[in-house]
Each structure stands twice: as C-alpha cells, then as structure tokens.
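Dear colleague,

I am passing on the structure we talked about, with the sequence alongside. Please open it before reading on, so that you can follow the notes on the model itself.

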Amino acid sequence: MAGTNEVHVNESKRVVPLNTWVLISQFKLSYNLLRRPDGTFNRHLAEYLDRKVPSNVNPVDGVFSFDVVIDRGTSLISRIYRPASAVAEEEEEERSSSSSIPELEKPVPADVVTPVIVFFHGGSFTHSSANSAIYDTLCRRLVGVCGAVVVSVNYRRAPENRFPCAYDDGWAALEWVSSRKWLQSKDSKVHIYLVGDSSGGNIVHNVALRAVGSTEIEVSGNILLNPMFGGQERTKSEQRLDGRYFVSVQDRDWYWRAFLPQGENRDHPACNPFGPRGVSLQGVKFPKSLVVVAGLDLIKDWQLAYAEGLKKAGQNVKLLYLEQATIGFYLLPNNDHFYTVMDEIRSFVSS
C-alpha cells in the first residue's frame with residue numbers, strides 16, 4: 001500500500017504546479033486529522049489550523065471588505081467585497097478602521113450595471129469559512145475580474161449543522177442581497193450571480209432551485225467550480241481516480257454521511273440532483289449556468305452528469321472541461337487553467 005501511495009504522490013506532483021501541490025497537500029493532511037471514524041469532527045483544531053484574515057476597509061489591490069450580520073438567530077455573517085476607485089482608496093485610508101457600515105454601503109454606480117456575486121466557499125460542507133485566507137483572496141480576485149460586488153456567505157457547516165442548514169443560510173443571504181437598495185444598478189435591479197466551488201457549487205444549485213419559486217428574487221446566472229455531487233453508483237472516474245489526486249472515495253463518503261440527514265444515502269436529491277429522487281427542471285425558468293469540471297477530479301463524472309441533466313431539461317448551460325486540471329486549480333494564478341476559467345467567468349458575467 002505504501003508503494004501505491006508513493007506512485008500517486010509522484011503522479012500528482014508531475015501534473016500540479018509545486019506550490020498548488022503543497023497547498024492542497026497541506027489541506028489534505030489537516031483534513032485527515034480532523035475527520036473522526038465515528039462521524040464527528042474536531043472543530044476546535046479545524047479553527048486553529050485554518051488561516052483566517054480579518055476584513056479590511058482599507059483597499060488592498062483596489063478592493064476593500066467588511067463583515068455584516070445577516071441573521072442573528074443563526075449567527076449568519078457574510079463578508080462584502082467592493083471595488084474602490086483611486087479617489088475612494090484615499091478616502092478609505094483617511095477613515096481607516098473607524099468606518100461605519102452605512103459609510104461602506106454606499107450605492108453602486110448609477111450609470112452602469114454592477115454584478116453582485118453571492119459566493120459560497122468550498123470545503124465539502126465541513127471545512128473553511130468566509131474569512132479563510134484562501135477564499136478571501138479568491139473573492140478579491142472575482143471583484144477585479146468581474147468588476148463586481150462579492151458577498152461571501154459564512155454558512156453553517158456539517159456535521160454540527162446538517163442538511164438543509166447550508167441551503168437555508170444561502171437562501172437567507174440571497175434574500176438579504178436582493179433587498180439591498182445600495183446594490184441596485186441603473187435599472188433598479190440587483191444583478192445576482194451565484195458562485196461556488198466544491199460544496200459551494202452544490203449550494204449554488206440548491207439555492208437557485210429555491211429562487212425558481214420566488215416572484216421577487218431573480219438570479220442572473222450560476223457558476224459552479226468543481227461542484228460536489230454524487231450518488232450511490234460508483235462511476236468510472238471514482239474507480240479510476242480513487243486516491244490519485246488528493247481525494248479518495250472514502251473521503252467523499254465521509255463528508256456525505258456528515259452532511260446528509262442521518263440514515264439517507266447518496267441518492268438524496270442534495271447529493272444527486274438528477275438522480276431517482278431529483279427535482280425535474282423541465283419547463284422551469286432556471287438561471288443560465290457555467291459548470292467548470294477538472295478532468296482529474298475524482299467526481300468529474302457526477303459533475304458532467306449534472307451539466308448533461310441541465311441540458312436535457314432544456315436549460316442554458318455551458319460546460320468548461322479542463323482535462324488536465326485537478327481540484328483547487330482556481331485558487332492560485334500559477335497555471336493556464338486558472339486564467340482560462342477567470343476569462344470564462346468574466347465573459348459569463350458580462351454577458
């Protein structure tokens with residue numbers, strides 16, 4: 001077994017840039033320490049190991065951030081990222097950390113359409129948070145790439161908070177965003193895009209599904225980066241890539257048991273949206289979708305099946321398949337895949 005693991009490590013090193021390999025390997029090591037065989041999770045150690053950064057009202061690379069409480073009952077907080085002009089940067093530097101929320105919630109420019117990205121971080125429903133350093137950096141990049149306001153949702157995590165808590169928090173954040181007048185563009189609308197990676201991509205789908213039944217909330221588009229889906233069946237990619245590029249089938253199964261209602265299997269609609277118990281989207285006005293799939297992701301077959309499910313239901317979906325990409329490729333700008341997906345996101349949002 002040791003020899004097999006060594007082969008897998010060497011293989012992933014050849015495909016992944018070194019600093020990405022180090023980053024994801026560190027995540028994997030800590031994740032293995034945090035998961036317990038009995039299904040519980042060492043949250044205290046997880047918080048200690050997760051490198052976090054505070055919000056910063058002083059612009060960094062043209063972006064400032066601040067935290068807001070969306071729901072005191074569930075302690076739901078979101079981090080807001082906004083672009084700052086050169087003049088605004090000088091003003092924010094003068095006000096520094098004494099800035100109040102009303103000052104930071106100035107209306108977006110009235111002469112243009114400003115996209116508002118509601119972002120859901122990854123971590124298999126269990127790890128990371130809106131103030132994790134790696135996601136703080138990604139959200140700042142999305143501001144720059146799309147000229148957008150980004151609202152990063154600090155949703156409740158499993159196993160302490162199982163299904164549907166993450167979806168409930170996502171919906172609460174979406175309602176909050178849609179009701180903010182300062183986020184309205186020149187047409188008096190809030191132009192909302194749901195974006196997420198891994199479990200965040202899963203949340204994107206399920207929050208968008210709730211929005212379909214709303215007459216007051218309109219989602220302009222969904223972007224799912226390596227979304228976390230699955231099912232009872234073992235696919236070819238799960239069999240072929242098991243343990244080869246950072247993730248094993250056993251890892252994925254643990255997270256689904258931690259998130260899904262107790263006693264449920266992986267054909268639950270939250271895991272398998274187009275499975276035997278899934279909700280049909282035929283004839284439904286569902287947002288356009290950009291689905292990004294890494295060819296070396298263990299669950300790529302489930303991601304491809306999701307895109308195909310949207311297509312069969314007559315929905316507007318674009319699939320971006322990157323054959324030699326692994327999980328987390330979009331976290332660091334050290335590979336061609338990173339720039340490809342950022343260009344696609346920019347084009348998708350601007351269209």
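Predicted model: local features only at pLDDT ≥ 70, side-chain atom pairs only at ≥ 80, totals over all residues.

Two of the pairings can be described in more detail. Strand S5 (residues 191-197) and S6 run parallel and are joined by six bridges, and among the residues involved, Gly196 has Leu224 in S6 as its bridge partner. Strand S7 (residues 288-294) likewise pairs with S8 in the parallel sense, over six bridges, and here Val293 has Tyr321 in S8 as its bridge partner. As for burial, strand S6 (residues 219-225) is mostly covered, since six of its seven residues are buried.

Helices on the sheet

Which helices do the buried residues of H10 pack against? They pack against helix H2 (18-34), H7, H8 and helix H9 (236-241). Helix H10 (residues 249-259) is itself mostly covered, with nine of its eleven residues buried, and the buried residues are Val249, Asp251, Arg252, Asp253, Trp254, Tyr255, Trp256, Ala258 and Phe259.

The axes of H7 and H8 come within 9 Å and cross at roughly 60°, which makes H7 oblique to H8. The crossing in which H7 passes H8 is right-handed. On the H7 side the contact involves Ala166, Tyr167, Asp168, Gly170, Trp171 and Leu174, which meet Asn202, Ile203, Asn206, Val207, Arg210 and Ala211 in H8. By class, the residues of the contact of H7 with H8 divide into seven nonpolar, three polar and two charged.

The other crossing is between helix H6 (residues 133-146) and helix H12 (residues 336-350), whose axes come within 9 Å and cross at roughly 55°. H6 and H12 are therefore oblique to each other, and H6 passes H12 in a right-handed crossing. Leu138, Arg141, Leu142, Val145 and Cys146 in H6 meet Phe338, Met342, Ile345, Arg346 and Val349 in H12. In the contact of H6 with H12 there are eight nonpolar residues, no polar ones and two charged ones.

Loops and backbone details

The peptide bond from Ala158 to Pro159 is cis, with omega near 0°, and Pro159 has its place in the loop between strand S4 (149-153) and helix H7 (165-178). The peptide bond from Phe163 to Pro164 is cis as well, with omega near 5°, and Pro164 is also found in the loop between S4 and H7.

In the loop between strand S3 (115-120) and H6 lies Phe125, which has a positive phi of about 70° although it is not a glycine. Is Phe125 buried or exposed? Because buried means under 20% relative accessible area, Phe125 counts as buried at 1% relative accessibility. Ser128, which is found in the loop between S3 and H6, has a positive phi of about 65° although it is not a glycine either. With a relative accessible area of 12%, Ser128 is buried by that cut-off.

Ser75, by contrast, counts as exposed at 55% relative accessibility, and this serine is found in the loop between strand S1 (63-71) and strand S2 (76-83). Ser75 and Ala166 are 91 residues apart in sequence, and their C-alpha atoms are 13 Å apart in space. Ala166 is also one of the H7 residues that meet H8.

With best regards

Conventions:
Residues numbered from 1 in each chain as written. Heavy atoms only, no water. Axes fitted to C-alpha atoms, helices over the stretch in contact; angles between N-to-C directions. Helix = DSSP H or I, 4+ residues; strand = E, 2+ residues; numbered from the N terminus. Parallel < 35°, antiparallel > 145°, perpendicular 65-115°, else oblique. Left-handed = near helix turned anticlockwise from the far one by under 90°. Contact = heavy atoms within 4.5 Å. Nonpolar A, V, L, I, M, F, W, Y, C, P; charged D, E, K, R; others polar. Buried < 20%, exposed > 50% of the residue type's maximum accessible area, 1.4 Å probe, protein only. Pairing = 2+ DSSP bridges.
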